[in-house]
Amino acid sequence: PRQHNGARAAVTRIRDRLFRTALEALYFSGAHMMARPLLGGVGAILTLHQVRPLRPGRFQPNRLLEVTPEFFERVIRRLHRAGTHFVAMDEVHRRMTERDFPNRFVSVTCDDGYRDTMEFAYPILKKYEIPFTVYVATSFADRVGEMWWLALEAVIASNDLIGLRIDGRELWFECRDVTEKRAVFDHIYHGLRRLKTEDELRHIMRELTTRHRVDMTAICAELCMTWQEIATLATDPLVTIGAHTVNHAILTKVTDTAVRSELENSRAVIEAALGVRPQHLAYPVGDRFAAGPREFKIAADLGYKTAVTTRPGVIFRQHAQHLTALPRISLNGNFQQTRYAKVLISGAPTALWNGFRPVSVA
């Protein structure tokens, strides 16, 4: 496995370098600004997960999900000074359904319900009076959620040798230094993502964390807001609380009934806790392997006004026909330069990524 792991890690590093080079080329050539009238659409929805100070240590495979408060404020300040029109998801829905686009918009969204959303992101957004949406996975607020991707990082970080059982086979991985740890994380993470069912993924991670003494619910309790904290945050008119399922399941790996249950029950729990029925949804993980046409239809059938993916892209007029399959622009922790954010929001890189197709819903 070590040789295969190293090859995959090398591919990841090369991909990131190529993407960074493309962003630099678009920025310094000015091509992103020239292309924006054609490729920029009517707006963009930003994705955030964690906004927190840098963690110590070199092994941080989930760092792409974290940005620093300093970087986040630089992005917000730059957009604010440029006269960007920040809008809530209710306003995104209104503009799309009424075909009313007085100006290009940006909507800020935060996934999962991390406590640092309240501690670090909220003060910045409040300072500039910017509305934003927090998509809450209810099991995280209930303190029973399994943030398995963070648990996998914790297991590998604290061990030089780890073992897990897949399909009845016992597999062992050496991870004695940072390079090996990164390669092992990448190999196991992608192997878990390839499993056919969510139950298989969760079973393997429960066995792995039990064997190596990592408490998944403790991770949840440390990092995520309580219902009281969410309720306090929600009192601000700038804040919209959206649904993010109950268990943060990869929906394409569960049955139709389970998808419907995750979407219905999460909304019911939030309504019971906060007294407000969520109208907006974010699909867990949200890429094309985690949410597709079946999930988009169920969300629409259940009456969600909008549902967002993590498929990269800006919003075009054509998305009015696909309001439960909206793309977003991720503020990625591996690319914390304000110029990169500016290029991404322009729509040029994602247009290249999507083969210049304005809508990707298959």
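# A tour of the model, stop by stop

Select F140, W148, W149, F185 and Y189: ring pairs link these residues into a cluster. Two rings of Phe, Tyr or Trp (the six-membered ring of Trp) pair if their centres lie within 6.5 Å; planes under 30 degrees apart count as stacked, over 60 as edge-to-face and the rest as tilted.

Before moving on, note that this is a predicted model, where local features need pLDDT of at least 70 and side-chain atom pairs count only at pLDDT 80 or more, while totals for chains, interfaces and linings use all residues. Residues are numbered from 1 along each chain as its sequence is written, and side-chain values use heavy atoms, with hydrogens and water left out.

**Aromatic pairs**

How many aromatic pairs does the structure hold? There are 7. Zoom in on W148 and Y189. Their pair is stacked, at 5.4 Å centre to centre and 20 degrees between the planes. W148 lies in helix α7 (residues 148–157) and Y189 in helix α8 (residues 178–193), so the pair ties together parts that are 41 residues apart in sequence. Helices (H or I, at least four residues) and strands (E, at least two) are DSSP runs, numbered from the N terminus. Both W148 and Y189 are buried. Buried means under 20% relative accessible area, exposed over 50%, and partly exposed in between (1.4 Å probe, protein chains only).

Next, select F335 and Y340. This aromatic pair is edge-to-face, with 6.3 Å centre to centre and 70 degrees between the planes. F335 counts as buried at 7% relative accessibility. Y340 counts as buried at 3%.

**Helix α14**

The buried ones are T338, Y340, A341, V343, L344, I345 and S346. Step just past α14 to G347, which takes a positive phi of about 95 degrees.

**The nonpolar cores**

Which residues touch the most other members of the largest nonpolar core? Select F72, V108, F132 and L263, in a core of 63 residues. A nonpolar core is a set of buried Ala, Val, Leu, Ile, Met, Phe, Trp, Tyr and Cys residues joined through side-chain atoms within 4.5 Å. Apart from this core lies another, of 35 residues, including F59, F140, Y189 and M205. In soluble globular proteins, nonpolar side chains tend to be buried together.

Go back to F132. Neighbours within four places in sequence aside, F132 is in contact (heavy atoms within 4.5 Å) with V108, C110, T117, Y122, L125, L233, L238, V239 and T240.

**Cysteines**

How many disulfides are there? The count is 0, where a disulfide is a pair of cysteine sulfur atoms within 2.5 Å. C110 is in no disulfide, and the nearest cysteine sulfur, that of C224, is 13 Å away. C110 is buried, with a relative accessible area of 1%. Now select C220. Its closest cysteine sulfur, in C224, is 4.3 Å away, too far for a bond. C220 counts as buried at 0% relative accessibility.

**Helix α4**

Show helix α4, residues 89–98, and pick T97. Buried or partly exposed? T97 counts as partly exposed, at 39% relative accessibility. Look for polar contacts: pairs of N or O atoms within 3.5 Å; within protein, one must be able to donate a hydrogen and the other to accept it, and residues adjacent in sequence count only if both atoms are side-chain atoms. A polar atom of the T97 side chain lies 2.9 Å from the backbone oxygen of H93. The backbone oxygen of R94 is 3.2 Å from a polar atom of that side chain.

R95 is in helix α4 too. R95 counts as buried, at 5% relative accessibility. Not counting residues up to four places away in sequence, R95 touches V87, D100, F101, P102, N103 and F105.

**Last stops**

Move to N159, in the loop between α7 and β7 (161–166). N159 counts as buried at 18% relative accessibility. The N159 side chain reaches the backbone oxygen of V155 at 2.8 Å. Leaving aside neighbours within four places in sequence, N159 is in contact with C175, K181 and H212.

Finish at R267 and Y304. The charged end of R267 sits over the ring of Y304, 4.3 Å from the ring centre. A charge sits over a ring if NZ of Lys or CZ of Arg is within 6 Å of the ring centre and within 35 degrees of the ring normal.
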